Amino acid sequence: MKRLILAGGGHAHLAVLRQLARQRPTGLSAVLVTPSAYQRYSGMLPGWMAGTYPLSAMSIDLRPLCAAAGVDLIESTVVGMDAERRCVGLPDGRHLDYDLLSLDTGSETDCAWFEEVGPKLLPVKPLDGFVERWSTWIAKAQGSQSAQAVVVGGGAAGFELVMAAHEALRGVGRADLHLVVGASGLLPEHGLDVRRRATRCLQEAGIAVHTQRAVGIPGGVMLADGRELHPDIVLAATGTRAPCWLKLAKLALDEHGHVAVDAFHRSLSHPQVFASGDICARMDVVMARSGVHAVHAGPVLAHNLLAVLSDKPLRAYRPRKKSLYLLRSGERHAIASWGGLSAEGRWVWRWKDAIDRRFIARHTLQAA
């Protein structure tokens with residue numbers, strides 16, 4: 001009997017569960033360890049914040065998926081691992097031994113420059129914590145006469161967060177919103193047309209954009225020019241960092257602490273360990289940290305895990321040169337970004353909505 005541990009309920013592991021339900025090797029014991037029985041789909045998070053979707057619409061119940069795949073579900077976080085001993089550690093002191101391990105635990109928001117903000121700081125990741133705290137804050141804000149929020153981060157997440165917050169606060173008498181994008185500007189990894197469209201959306205919404213560095217201070221942020229912002233809440237979409245427990249895992253890591261993997265998403269130092277999503281870094285190609293890659297890499301990861309168990313050839317994940325991004329930019333409005341091409345409108349939002357709902361439906365099974 002061989003033991004497979006799936007650490008984390010991320011996008012790639014959804015594909016693994018589906019594959020195990022279709023083709024389960026004999027003599028395999030499989031366990032999924034994840035903090036919640038529900039995966040919150042990040043692609044629909046801005047729509048949920050804005051009130052377009054209920055929480056249930058962006059939630060995938062992992063329990064029926066595990067039951068169909070014959071996988072035991074343990075609702076817990078992973079707090080450590082020892083790649084030499086082939087085990088992962090849980091908060092209650094348990095150690096789970098494995099023959100084969102797949103890591104898809106996601107990442108944490110890198111808030112190193114904003115820790116001084118204190119209780120007002122709300123990182124977008126992990127998503128479960130964000131969902132709980134945003135629900136509490138927005139309910140209070142919508143019942144008040146005024147609200148002020150600062151979003152830090154110039155990438156797609158920061159843009160979508162501040163536009164969603166603008167929608168959610170429309171009923172408030174005075175809503176004051178700021179987006180701090182840093183010296184690189186807004187959406188630096190996207191084409192010029194996309195940046196122009198996004199800038200216009202922010203201007204039309206009356207959102208102040210600060211193209212300069214910022215640092216956390218008690219109760220707010222200080223901009224590089226010395227101005228201070230003291231909002232009711234600071235939403236952080238400031239990039240990701242690897243879980244701190246990886247430093248002691250004895251795995252080969254990249255310079256930023258992510259699991260170093262090859263084209264098969266297999267650890268460079270320990271062939272019985274695979275990793276996908278934000279927790280890993282490809283050493284053979286430059287690949288953006290995006291849920292798009294986690295979704296597309298999932299079937300490849302599923303194939304490779306079963307191939308190792310059956311001693312068959314592995315398959316490489318070859319990221320596409322261009323990825324399609326659909327950015328929610330207002331009430332039932334979105335911007336499409338694909339390389340240097342862009343478009344926007346309600347039809348783009350309907351396109352995004354259909355893709356997102358299809359993703360949820362594909363991974364939704366009714367509990368027995």
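I count Ala, Val, Leu, Ile, Met, Phe, Trp, Tyr, Cys and Pro as nonpolar, Asp, Glu, Lys and Arg as charged, and the others, Gly among them, as polar.

**Ground rules.** This is a predicted model, so I take local features at pLDDT of at least 70 and side-chain atom pairs at pLDDT 80 or more, while totals for chains, interfaces and linings use all residues. I number residues from 1 along each chain as its sequence is written, and side-chain values use heavy atoms, with hydrogens and water left out.

**Cavity.** A cavity is a set of points where a 1.4 Å probe fits but cannot get out; a pocket is an open set with protein on both sides within 12 Å along at least five of seven lines; lining residues have an atom within 4 Å of a point. Points are joined across faces, edges and corners, and a volume is the space filled by probe spheres set on them. I found 1 cavity of 30 Å³ or more. The largest cavity holds about 40 Å³. Its lining is Gly43, Met44, Gly47, Tyr53, Arg328, Trp349, Lys352 and Asp356. By class I get 3 nonpolar, 2 polar and 3 charged residues. Helix 8 gives the largest share of this lining, 3 residues. Helices (H or I, at least four residues) and strands (E, at least two) are DSSP runs, numbered from the N terminus.

**Second largest pocket.** I read a volume of about 270 Å³. It has 18 lining residues, and Ala15, Gln19, Arg22, Pro299 and Ala302 are the closest to its centre. Helix 1 (11-22), helix 7 (291-310) and helix 8 each supply at least two lining residues. Helix 7 has the largest share, with 7. The lining of this pocket divides into 8 nonpolar, 6 polar and 4 charged residues.

**Aromatic pairs.** I searched the whole structure and got 4. Rings of Phe, Tyr and Trp (its six-membered ring) pair if their centres lie within 6.5 Å; planes under 30 degrees apart are stacked, over 60 edge-to-face, the rest tilted. Phe130 and Trp134 have ring centres 6.3 Å apart and planes at 5°, so I log them as stacked. They sit 4 residues apart in helix 4 (residues 127-142), about one helical turn. Phe130 and Trp134 are both buried (under 20% relative accessible area; exposed is over 50%, partly exposed in between; 1.4 Å probe, protein chains only). Trp347 and Trp351 are stacked too, with centres 6.2 Å apart and planes at 10°. Both lie in helix 8 (residues 346-362), 4 residues apart, about one turn. Trp347 is partly exposed at 46%, and Trp351 is partly exposed at 36%. I also note one aromatic cluster of Phe130, Trp134 and Trp137.

**Charges over rings.** My test needs NZ of Lys or CZ of Arg within 6 Å of the ring centre and within 35 degrees of the ring normal. The charged end of Arg213 sits over Trp113, 5.1 Å from the ring centre. Lys322 has its charged end over Trp338, 4.5 Å from the ring centre.

**Gly340.** Where does Gly340 sit? I place it in the loop between strand 24 (333-338) and strand 25 (341-345). Gly340 is exposed, at 58% relative accessibility. Its C-alpha is 4.9 Å from that of Gly191, 149 residues apart along the chain.

**Record check.** An unreviewed UniProt entry lists residues 4-285 as "domain: FAD/NAD(P)-binding". UniProt positions use the numbering here, feature names are shortened, and annotations may be inferred rather than shown by experiment. I get 27 Å between the end C-alpha atoms of residues 4-285, with 24% helix and 29% strand in the span.
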